[in-house]
2 protein chains.
Amino acid sequence: MRWSKALTVGLAALALGALAVAQGLTPEQMEEGKKIYFQQCAGCHGVLRKGATGKNLEPDKLKAAGKNVDYLKAIITNGFGGMPAWGKLGILTPEQIDLMAKFLLSPVPEPPPWTFEDIKNNWVVYVPVSKRPTQPETTRNWQNYFGVILRDMGQVAIVDGDTKELVGIVPTGYATHILRSSKDGRYFYVIGRDGKAEIIDLWTKKPTLVAEAKVCLDARSIDTSKYEGYEGKYAVVGCYWPSNFVILDGQTLEPLKMVSTQGYVKSTGEFLRENRVASIVSSHFSPEWILNIKEGGQTWLVDYANIDLKGKPINVRMIDTERFLHDGGWAMDKRYFLVAANAAKKIVVIDAKTGEFVASIPVGDKPHPGRGANWVHPKYGPVWATGHIKDNKIAVIGTDPKGHPEYAWKVVKMIETPYPGNLFIKTHEKSPWLIVDFTVAPTPEANATLCAWNKEDLEKDPICWEVPGAKKLKARMVHIEFNKDGSEFWVSAWGNKDTPTFIAVYDSVTLKEKTRITGDWVRTPTGKFNVWNTANDIY
Amino acid sequence: MRWSKALTVGLAALALGALAVAQGLTPEQMEEGKKIYFQQCAGCHGVLRKGATGKNLEPDKLKAAGKNVDYLKAIITNGFGGMPAWGKLGILTPEQIDLMAKFLLSPVPEPPPWTFEDIKNNWVVYVPVSKRPTQPETTRNWQNYFGVILRDMGQVAIVDGDTKELVGIVPTGYATHILRSSKDGRYFYVIGRDGKAEIIDLWTKKPTLVAEAKVCLDARSIDTSKYEGYEGKYAVVGCYWPSNFVILDGQTLEPLKMVSTQGYVKSTGEFLRENRVASIVSSHFSPEWILNIKEGGQTWLVDYANIDLKGKPINVRMIDTERFLHDGGWAMDKRYFLVAANAAKKIVVIDAKTGEFVASIPVGDKPHPGRGANWVHPKYGPVWATGHIKDNKIAVIGTDPKGHPEYAWKVVKMIETPYPGNLFIKTHEKSPWLIVDFTVAPTPEANATLCAWNKEDLEKDPICWEVPGAKKLKARMVHIEFNKDGSEFWVSAWGNKDTPTFIAVYDSVTLKEKTRITGDWVRTPTGKFNVWNTANDIY
């Protein structure tokens with residue numbers, strides 16, 4: 001039988017080789033294509049290329065639509081709609097673009113598995129709980145620390161929000177996506193696009209990496225148990241690949257349970273192997289996490305009360321909502337959760353108290369709220385707002401069904417912005433302004449610009465300014481974060497990693513630039529997370 | 001590009017051809033192998049051959065263990081442990097056995113998908129709800145009907161339990177697995193191993209097939225919503241392939257929702273594409289179904305209260321229990337559900353009231369309770385019993401944690417039986433006897449034999465008798481079912497479909513044969529379901 005197996009394997013390899021050879025790619029090039037695809041493309045188009053925020057890129061469909069190597073090269077170079085101009089931005093070289101165009105016309109490689117065993121084998125506790133301080137050892141005002149993602153450095157910088165001094169730099173995964181705070185603010189929980197989760201302890205003199213686990217191969221979200229009595233007990237990571245969520249010990253990241261999210265679109269449609277967990281928030285009404293399942297168009301409410309109790313169930317409440325769920329945040333009352341279904345051009349509202357899907361609100365093209373922005377408008381009452389990647393619009397939505405039922409879950413105002421390409425908007429009760437970036441707009445001028453609208457009078461023209469020095473550094477201004485008392489906000493200048501940039505600090509009332517955080521370490525700063533605001537869901 | 005695709009396809013076909021050719025099978029033979037495997041083997045060994053109740057049969061593992069064509073032919077012909085002797089029983093021909101041995105050493109074919117669209121396209125309402133009678137049109141005592149599965153005929157016979165007359169024959173799927181009754185007993189819900197679900201209306205003069213849906217490609221279980229206020233509103237089918245459960249309208253079988261069960265073994269192990277839904281019961285404590293997920297070793301409690309309410313969640317409580325869950329039934333109080341984890345040689349106990357995993361009780365080899373048998377023992381109080389396929393034992397388990405805590409969830413008595421190979425045991429409060437079959441025992445004598453133990457004195461020798469005429473018909477006695485008032489029990493003589501056999505009817509107190517149900521239609525009778533007992537979970 002041996003010869004026949006060898007023959008079989010040989011022929012299969014030959015056939016497989018032919019598939020790759022068809023596009024003129026060597027096995028090494030296929031490997032490079034896989035790597036670039038995973039880092040730059042999979043987030044929007046999916047590992048299996050079935051599309052989500054981005055279009056379907058399955059080779060048969062591309063070919064059927066007549067999309068050849070030249071067409072794909074043009075798109076990858078120049079961008080299209082919400083897609084970045086990877087070539088023009090200097091992120092991919094012409095050779096890499098040529099490779100990627102051919103890679104996209106080659107068969108989709110099977111993504112590798114990642115098992116519970118793999119997680120356990122890639123889990124390290126650097127500082128056991130018993131060796132950690134029982135009260136803050138630092139004399140700094142750690143509750144006003146900012147965790148700053150240095151995206152392409154694989155680092156998180158901890159900056160003192162009072163003094164603006166760098167407190168420490170912690171090595172993290174290659175492309176940290178977000179930080180979340182424990183309920184008491186002591187720990188930062190880090191998740192990278194490489195699926196690596198970390199805990200940073202802020203109570204030590206210098207911030208300390210205390211635990212780490214590679215939970216999946218691709219991830220975007222992490223949160224902890226925040227309900228009374230469960231604070232910091234568990235963490236949960238929402239994985240992109242494999243599509244699942246993993247529940248971990250909140251202090252050590254020891255993996256405890258994993259639950260697959262592979263399933264059917266809205267309980268009735270296509271079966272999805274790639275059914276990714278996008279944003280996660282921790283409910284204030286019950287021991288539950290709210291997980292947004294992107295491709296399936298479902299929101300899952302996962303009860304974590306029983307995780308440690310042998311024989312008790314994990315309770316999952318599955319709600320059909322809209323495709324493709326992405327990011328979102330709480331309304332002001334922290335009862336209603338608003339999440340973007342970006343391909344559907346909608347904002348979905350979930351009631352964390354009843355576990356119900358409340359509304360689906362049409363907004364503009366590719367809403368991208370981050371966590372959104374909350375304030376009380378004199379006429380509409382409590383509102384929440386989101387910007388859009390593809391539209392030059394900000395949608396302001398009423399969020400007070402009791403006090404202002406006529407405005408609840410409606411777009412009460414669609415603000416025109418000077419540019420499209422917004423990634424984040426933010427405000428604070430101490431600031432009269434709604435601050436907006438244009439990070440993925442098509443021009444360097446727009447990328448360097450910030451605008452502020454008067455929250456009380458949305459009809460007034462905004463105040464917009466180009467941030468001095470940003471354009472010269474080829475930096476895009478991104479992500480607004482307020483400090484603990486709301487007196488100032490910080491915005492990152494996101495350049496490339498060869499050149500240090502800065503974080504601009506503004507007075508939250510006068511909009512005057514107060515100072516700049518600079519230094520050799522300030523490379524590719526993106527998201528910033530103030531301990532107090534992150535721990536208390538203030539945005 | 002065209003030539004390269006053609007080359008690729010050609011080479012791939014060549015390679016694939018080589019794989020099959022390696023075992024000397026033509027494409028037609030591969031198709032026949034797939035069909036036989038699906039019908040005879042997949043139930044225990046899995047469509048993907050990863051094993052469950054039966055052993056792993058993946059070709060690489062078989063080859064690594066040195067299991068060649070001759071070895072496999074011998075096993076398929078003569079049986080082994082709990083595996084039937086497919087050759088000696090005359091179910092597979094020597095040519096088919098040769099084919100199957102080679103098929104098992106060939107690569108596992110990818111099982112086909114079955115989508116929500118497929119279900120909708122294969123769903124028929126023969127009699128709309130508005131055209132169905134609003135009260136019984138028959139003058140017969142329909143609550144004492146028996147639904148008799150004529151297994152290899154693809155039929156269900158409805159027999160009048162009072163008169164023993166055949167009331168009607170309804171065509172069903174090719175291998176009907178079980179019937180369940182609606183809460184009021186009016187409808188029989190049928191599920192076949194081909195995934196076909198049917199509703200039979202017993203209120204018409206002749207029983208009528210009123211609706212049908214092909215829900216999956218392989219299935220074993222069906223039940224309806226039985227909790228107060230939800231009676232007959234929904235049905236649920238537990239699928240083997242694809243591994244999922246599908247919720248249907250209880251009156252029309254219109255598909256409403258499907259939920260994948262693909263997932264991780266006990267929340268921490270291997271990922272399973274084949275993670276099949278075995279037995280299902282409908283809770284008496286809440287609007288929930290209890291689904292037993294075989295390979296994953298989980299029990300899922302699925303809340304059906306919200307199915308029709310847009311925006312409300314489907315609530316699934318997932319409990320880690322034991323592998324590989326199979327069949328089971330309620331304890332006498334209908335609060336505790338006992339289910340066999342047959343590969344683990346255990347009975348798992350679930351509390352339907354609290355949704356908790358209560359106990360895991362070691363029993364004998366391959367417990368197969370069907371729904372089990374309940375009675376009150378003078379010393380142990382309420383008990384439930386299961387037989388075993390591989391052991392000659394009956395395990396009697398205490399089920400009364402309040403009244404008899406010292407015996408609860410323990411094997412209070414292990415009864416020795418004269419043979420192994422039991423499939424079903426049953427009793428009734430009107431009968432002093434626990435009745436036992438030996439359907440899959442290795443000898444025709446055992447197959448034709450029934451035994452009865454005195455429920456009050458388990459130390460006493462049983463009364464055993466060979467059923468006259470069974471052996472001559474090459475029939476195996478199988479499945480005991482009581483009539484509505486418990487005065488008699490019926491046992492099927494399961495032969496092959498070319499020869500009519502009989503159903504023996506016994507007095508439940510004297511054990512005397514009262515009559516035999518015969519007729520040309522009595523071919524391959526197996527499971528029998530009395531309307532009253534099935535609707536009311538009496539066993």
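Reader: How many cavities of 30 Å³ or more does the structure hold?

Author: The structure, a predicted model, holds 2. A cavity is a set of points on a 1 Å grid over the protein atoms alone where a 1.4 Å probe fits but cannot get out. Volume is the space filled by probe spheres set on the points, which are joined across faces, edges and corners.

Reader: What volume does the largest cavity have, and which residues are closest to its centre?

Author: About 210 Å³ of space lies in it. Of its 24 lining residues, the closest to the centre are Ser260(A), Gln262(A), Trp300(A), Ser260(B) and Trp300(B). Lining residues have an atom within 4 Å of a point.

Reader: Why is Glu58(A) called buried?

Author: Its relative accessibility is 18%. Buried means under 20% relative accessible area (1.4 Å probe, protein chains only), so Glu58(A) counts as buried.

Reader: Which residues does Glu58(A) touch?

Author: Glu58(A) touches Leu48(A), Arg49(A) and Lys50(A), leaving out residues up to four places away in sequence. Contact means heavy atoms within 4.5 Å.

Reader: How are residues and chains labelled?

Author: Residues are numbered from 1 along each chain as its sequence is written, and chains are lettered from A in the order written. Local features need pLDDT of at least 70, side-chain atom pairs count only at pLDDT 80 or more, totals for chains, interfaces and linings use all residues, and side-chain values use heavy atoms, without hydrogens and water.

Note on methods:
Buried means under 20% relative accessible area, exposed over 50%, partly exposed in between (1.4 Å probe, protein chains only). On a 1 Å grid over the protein atoms alone, a cavity is a set of points where a 1.4 Å probe fits but cannot get out, and a pocket is an open set with protein on both sides within 12 Å along at least five of seven lines; lining residues have an atom within 4 Å of a point.
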